[in-house]
Amino acid sequence: MNMQSDFPAAPPPGCPAHGSGKRVPLYGTEFAADPGAYYTYMRSYGPTAPVELSPGVEATLVTDYSAALQLLQNPDTFRKDSRRWRDYNEGKVTRDNPVVPLLEYRPNCMFTDGAEHMRLRQAVTDSLARVDTHRLSRHVERVADYLMDQFLSRGSADLLNDYAKLLPLFVFNELFGCPAEIGDRVIFGISGIFDGINAEKANEVLGQSVGELVALKRKQPGDDVTSWLMQHHAQLNDEEMAHQLVLLLGAGAEPQRNLIANALLLLLSDERYAGAGLLVEDALDDVLWNSPPMANYAPHYPVTDVDFAGTRLRAGELVLISIAAANSDPALSASRQQLSKRAHLAWSAGPHACPAKDTSQLIGVVAIEKLLNKLPDIELAVPESSLTWRPGPFNRGLTALPARFTPIRTEKQPVTQQQIPTGDHRAHAQNKTEKGGLWSSFLSWWRA
């Protein structure tokens, strides 16, 4: 391993790697509380560091901006197809591990390479390009109104679980044409996978629900992304359709939730955004640079044993990009002001760069502006230092974002808490997937 003797190598307090020779853990409350300290320590290894994503799941993490770009733009050497994953193939990582649903192979444009990737990606980009931005804005506003109506009269809200978490799920259910009962289970599945709670069951529920959506749209196509994908000249079969939908729904909802919540935290806590003329777009760019929603991801696998950035990587070894560490690379400190706002790696780069970044940006801007315009005196209800972050290797997301404001009376009565389960109510939400859950409640409210 390439070591830099002029860089401090002291692990952050509580790091289990301290003095043990073990890999640096990217899970647990210590990492979630201060990932920046871990990234600083990992740079002592050089451009890459040995990490553990969850107990027994080993990977190499790229923390250097230039090295990250080199990897992302080199599909001949580094492939995305996770069927190459050596440790998984050798049985060292089992399918019930909570990180596997985000790493295992699916026949979608994230986990394919070459001509197959190009075919699937073109279907996705062409279908997303058909989304009308005015229609999307109106729907985001409609969902925002619904969610705010649930808490306006209280004068308080958890802006993560009551707003930022649910809004993308509802928006994507609409974009993809999900009817009530399918949409309820889509929401349960995505939430469970990313929260790591009963992830295997959630993965199964999500797969079943999108399979039913594909079957429905084969019979009854509509004016939605699912139908457009189906009609594309790439001629996706049912399995490919289902897996593109899992990718688009999951990869859209989870990062979007964190983007909105992290930007709201910044807007409510950072004095730079108090009457300084900075816009919501500026806050989103700030988050994408300094608190990216997907902090460590972009899994790749070397085709052969290769020397990369001073480290010997084995064929099939799991390699991730630390988007958060690369964006905060000290080598960029002198030039970050001159870098393009989009030079950050939050949308990834190369052939697998996010195809929905403009859609994501629009949803974030509309959702945040709608909330702040409705509640101009909103403020954090707790000190910023008391907020906690979800443990896990991939995401940078809050557990809650309590806020308070002057109560507002609403015309429509909010639905009951049983109809909008969050947090500890997740088990109840699973039981309600056949009786009417989150998406059903929204549709009933809107039609009332």
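Biologist: What share of the contacts in the protein with a separation of 6 or more comes from residues 24 or more positions apart?

Modeller: This is a predicted model, so what follows is computed from it. Contact means heavy atoms within 4.5 Å. Among contacts with a separation of 6 or more, residues 24 or more positions apart account for 71%.

Biologist: How many helices and strands are there, and what part of the protein is buried?

Modeller: The protein has 17 helices and 11 strands. A residue is buried when its relative accessible area is under 20%. Of the 448 residues, the buried ones make up 57%.

Biologist: Which element gives the most to the lining of the largest cavity?

Modeller: The structure holds 7 cavities of 30 Å³ or more, and about 890 Å³ of space lies in the largest cavity. Helix H5 (114-129), helix H8 (166-175), helix H9 (180-195), H12, S6 and H15 each supply at least two lining residues. With 9 residues, the top contributor is H12.

Biologist: Which residues lie nearest the centre of the largest cavity, and how does its lining divide by class?

Modeller: The largest cavity has 46 lining residues. Nearest its centre are Met-110, Leu-247, Ala-251, Gly-252 and Cys-354. By class, the lining has 34 nonpolar, 9 polar and 3 charged residues.

Biologist: Is Ile-187 buried or exposed, and what does Ile-187 touch?

Modeller: Ile-187 is found in helix H9. The cut-off for buried is under 20%, so Ile-187, at 2% relative accessibility, counts as buried. Gly-250 is 63 residues away in sequence, with 9.4 Å from C-alpha to C-alpha. Leaving out residues up to four places away in sequence, Ile-187 touches Leu-169, Phe-170, Asn-173, Leu-438 and Trp-439.

Biologist: Now the largest pocket. Which residues are closest to its centre?

Modeller: The largest pocket has a volume of about 470 Å³. It is lined by 22 residues. Closest to the centre are Asn-290, Ser-291, Pro-292, Trp-389 and Arg-396.

Biologist: Which elements give two or more residues to the lining of the largest pocket?

Modeller: The lining of the largest pocket divides into 13 nonpolar, 6 polar and 3 charged residues. The elements giving two or more residues to it are helix H2 (35-42), helix H12 (238-269) and helix H13 (280-290).

Biologist: What does Ser-291 touch?

Modeller: Ser-291 is found in the loop between H13 and S6. At a relative accessible area of 17%, under the 20% cut-off, Ser-291 is buried. Residues up to four places away in sequence are not counted here. The others that Ser-291 touches are Asn-262, Asp-286, Trp-389 and Arg-396.

Biologist: Where does the charged end of Arg-396 sit?

Modeller: Arg-396 is among the residues closest to the centre of the largest pocket. Trp-389 is another of them. The charged end of Arg-396 is 3.8 Å from the ring centre, over the ring of Trp-389.

Biologist: Over the face of which residue does Arg-83 lie?

Modeller: For Arg, a charge sits over a ring if CZ is within 6 Å of the ring centre and within 35 degrees of the ring normal. Arg-83 is 3.8 Å from the ring centre, over the face of Tyr-105.

Biologist: How many residues apart in sequence are the parts tied together by Phe-78 and Phe-308?

Modeller: The count of aromatic pairs comes to 9. Phe-78 and Phe-308 form an edge-to-face pair, at 5.2 Å centre to centre and 70° between the planes. Both residues are buried. Phe-78 lies in strand S4 (residues 78-79) and Phe-308 in strand S7 (residues 306-308), so the parts tied together are apart in sequence by 230 residues.

Biologist: Is the pair of Trp-85 and Tyr-88 stacked or edge-to-face?

Modeller: Trp-85 is buried, at 1% relative accessible area, whereas Tyr-88 is partly exposed, at 25%. Their ring centres are 5.4 Å apart. Planes under 30 degrees apart count as stacked. Theirs are at 15°, so the pair is stacked.

Biologist: What is the phi of Ala-298?

Modeller: Ala-298 lies in strand S6 (residues 296-302). At 11% relative accessibility, Ala-298 counts as buried. Its phi is positive in a residue other than glycine, with a value near 50°.

Biologist: And where is Ser-348, with its positive phi?

Modeller: Ser-348 is not a glycine, yet its phi is about 65°. Its place is in the loop between helix H14 (323-327) and helix H15 (357-374).

Definitions and conventions. Residues are numbered from 1 along each chain as its sequence is written. This is a predicted model: local features need pLDDT of at least 70, side-chain atom pairs count only at pLDDT 80 or more; totals for chains, interfaces and linings use all residues. Side-chain values use heavy atoms; hydrogens and water are left out. On a 1 Å grid over the protein atoms alone, a cavity is a set of points where a 1.4 Å probe fits but cannot get out, and a pocket is an open set with protein on both sides within 12 Å along at least five of seven lines; lining residues have an atom within 4 Å of a point. Grid points are joined across faces, edges and corners, and a volume is the space filled by probe spheres set on the points. Helices (H or I, at least four residues) and strands (E, at least two) are DSSP runs, numbered from the N terminus. Ala, Val, Leu, Ile, Met, Phe, Trp, Tyr, Cys and Pro count as nonpolar, Asp, Glu, Lys and Arg as charged, and the others, Gly among them, as polar. Rings of Phe, Tyr and Trp (its six-membered ring) pair if their centres lie within 6.5 Å; planes under 30 degrees apart count as stacked, over 60 as edge-to-face and the rest as tilted. Buried means under 20% relative accessible area, exposed over 50%, partly exposed in between (1.4 Å probe, protein chains only).
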